[in-house]
Amino acid sequence: MSPGEADPGIDAEIERIYRHEYGRVVAGLARRFGDLDLAEEAAGEALVVALERWRRDGVPPNPGGWLTTTATRRALDRLRRESTRGARHREALLMYDDTPHEPTGAVADDRLRLIFTCCHPALAPEVRVALTLRLLGGLTVAEIAQAFFVGEAAMAQRLTRAKRKIARARIPFRVPAAEDLQPRLGAVLAVVYLIFNEGYLASGGDAALRGDLTAEALRLGRTLRELMPREPEVAGLLALMLLTEARRPSRVGADGALVPLAEQDRGGWDAGLVAEGHALVRECLAINRPGRYQLLAAINAVHTDAPAAADTDWSQVVALYDRLRVLDPGPVVALNRAVAVAEVDGPEVALAEVDRLDLAGYHAWHATRAELLRRLRRSAEARAEYDAAIAATANPAERAYLSRRRGTLAP
Amino acid sequence: MTQYLLSVHHGADEDPYAEDPEAARPVFEAVDRFNQRLRAEGAWVFAGGLEPIDTTTTVDATGGEPVLTDGPFAEAKEWLGGFWVIEAPDLDAALRWAAEGSRACQGRVQVRPFQSE
């Protein structure tokens with residue numbers, strides 16, 4: 001390669017580093033300047049500079065630090081250029097006072113503060129996820145819009161409105177005090193799990209799995225865990241995501257169809273992630289303050305513990321769902337419980353439970369009914385249920401799997 | 001510090017200051033105590049309860065000569081019962097005051113920041 005000629009791999013490398021560091025850079029600038037738009041613009045400008053410099057000189061030893069320093073300079077330049085009295089006044093303060101304006105408690109991670117800001121109860125729940133993905137995951141507005149089936153302009157407007165509310169209503173950049181932590185932590189965990197699920201079974205688009213989203217959710221989960229090591233639900237959510245992610249390599253077949261748990265090649269599961277997940281579940285059991293994510297993680301631990309599908313301890317799974325049902329009496333938990341009941345008490349008992357649930361139009365309900373009807377040799381009804389399930393999902397791998405199952409029904 | 005408008009909104013079928021003033025007394029006392037707390041903690045700017053909605057007059061001078069109309073500018077089931085203007089460091093602090101105010105006056109409280117500068 002002659003000097004001056006760009007290495008084609010370097011742009012991909014810069015892109016990877018930038019995505020990885022984006023949340024940290026934005027979170028640091030947001031804390032220092034208290035202005036999300038400024039933080040985002042400065043981070044974007046730092047990327048432009050990085051592309052130019054790094055292509056020429058190579059990636060520096062500490063790319064994250066380099067991006068933060070460059071973005072901070074850009075932000076200060078921008079503030080200096082702005083002529084309003086308020087901005088000048090603020091700049092003067094920032095030049096001399098770099099200390100946070102309020103005590104941050106035991107936890108001072110900028111990204112964690114930004115997650116709690118994005119998940120503030122004064123913001124609409126659907127906006128919390130989008131904003132977290134934008135500011136911490138570094139996803140583009142177009143990518144977020146696609147993940148949520150919304151037009152790009154509409155998503156841009158929602159994000160702008162949310163950032164304006166944070167600025168003008170003065171939603172603080174902080175991890176809430178202990179007494180506010182529980183309800184807000186619930187919202188934060190829900191957002192991280194939503195991001196993970198969107199990556200694990202994409203609701204739209206061409207890809208069945210979005211590894212970028214599951215990776216981001218895992219990274220956020222690990223960050224939360226580092227910062228709140230004694231919160232069992234944090235450990236539970238991380239364990240749940242690890243044990244689910246571990247199965248990803250076996251989850252889609254060579255033909256692009258989804259492979260259900262019972263048929264997955266267990267040798268393809270990521271043993272490291274399974275072990276890490278199991279260790280966290282054991283830790284939760286020792287704390288003995290079960291919550292929704294811990295119970296879901298425990299259920300996944302039972303599945304990943306079995307060397308073969310036939311070895312699954314289904315009565316343990318039913319028992320865990322019974323405990324989960326106390327916390328979450330919704331029909332989706334009841335549906336998942338019924339799948340385990342089918343293994344313990346047979347398909348007839350399970351079908352009676354499934355039929356009681358008000359979930360018509362939900363693809364998993366139709367798919368579960370179809371499988372139970374198949375086992376009861378009610379082929380015509382099963383066929384109609386597969387059709388209903390296929391109509392109710394947009395995920396290509398899931399559609400492929402359901403079509404194949406329908407095709408193998410006895411006439 | 002940011003100033004916030006905490007406005008109290010009542011629905012069509014709720015009127016804590018109904019005909020019976022004796023029944024409303026605990027509410028007034030609770031609001032008095034809340035106001036004292038706002039003053040003691042330096043959050044108080046201004047507050048007031050409003051006369052019933054049927055005392056409203058709407059003035060429209062956008063077309064030149066003022067046009068006066070008896071009644072509110074929009075017919076709505078909800079009505080504004082009163083408000084506080086407070087000073088708070090951030091939205092979390094304003095929301096805590098709002099929760100306390102809502103409990104005191106037995107009405108839903110809307111929180112809205114004033115424009116800065």
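**Core and chain contacts in a predicted model**

The largest nonpolar core of this predicted model takes in 143 residues, and the ones with the most contacts inside it are Leu114(A), Trp84(B) and Ile86(B). Take Leu114(A) and look at what surrounds it. Leaving out residues up to four places away in sequence, Leu114(A) touches Val26(A), Ala27(A), Ala30(A) and Leu36(A), and also Leu135(A), Leu136(A) and Phe173(A).

Next comes the place where the two chains meet. Here, 12 residues of chain A are in contact with 11 residues of chain B. The size of an interface is often given as the accessible area lost when the parts come together. For chain B and chain A, the buried area comes to about 880 Å², and carbon and sulfur atoms give 41% of that.

What about charged and polar pairs? The rule finds 3 salt bridges across the interface of chain B and chain A. In one salt bridge, Asp92(B) pairs up with Arg184(A), and their closest N and O atoms are 3.4 Å apart. Across the interface of chain B and chain A there are also 8 residue pairs in polar contact, with both residues at pLDDT 80 or more.

On the side of chain B that touches chain A, the elements giving two or more residues are β1 (2-10) and α2 (91-105) of chain B. Of these, α2(B) gives the most, with 4 residues. Sorted by type, the residues on this side of chain B split into 6 nonpolar, 4 charged and 1 polar.

Methods
Residues numbered from 1 in each chain as written. Chains lettered and ligands numbered in written order. Predicted model: local features only at pLDDT ≥ 70, side-chain atom pairs only at ≥ 80, totals over all residues. Heavy atoms only, no water. Contact = heavy atoms within 4.5 Å. Buried area = accessible area lost by both parts, 1.4 Å probe. Salt bridge = Lys/Arg side-chain N within 4 Å of Asp/Glu carboxyl O. Polar contact = N/O pair within 3.5 Å; in protein donor to acceptor, adjacent residues only side chain to side chain. Nonpolar A, V, L, I, M, F, W, Y, C, P; charged D, E, K, R; others polar. Core = buried A, V, L, I, M, F, W, Y, C linked by side-chain atoms within 4.5 Å. Buried < 20%, exposed > 50% of the residue type's maximum accessible area, 1.4 Å probe, protein only.
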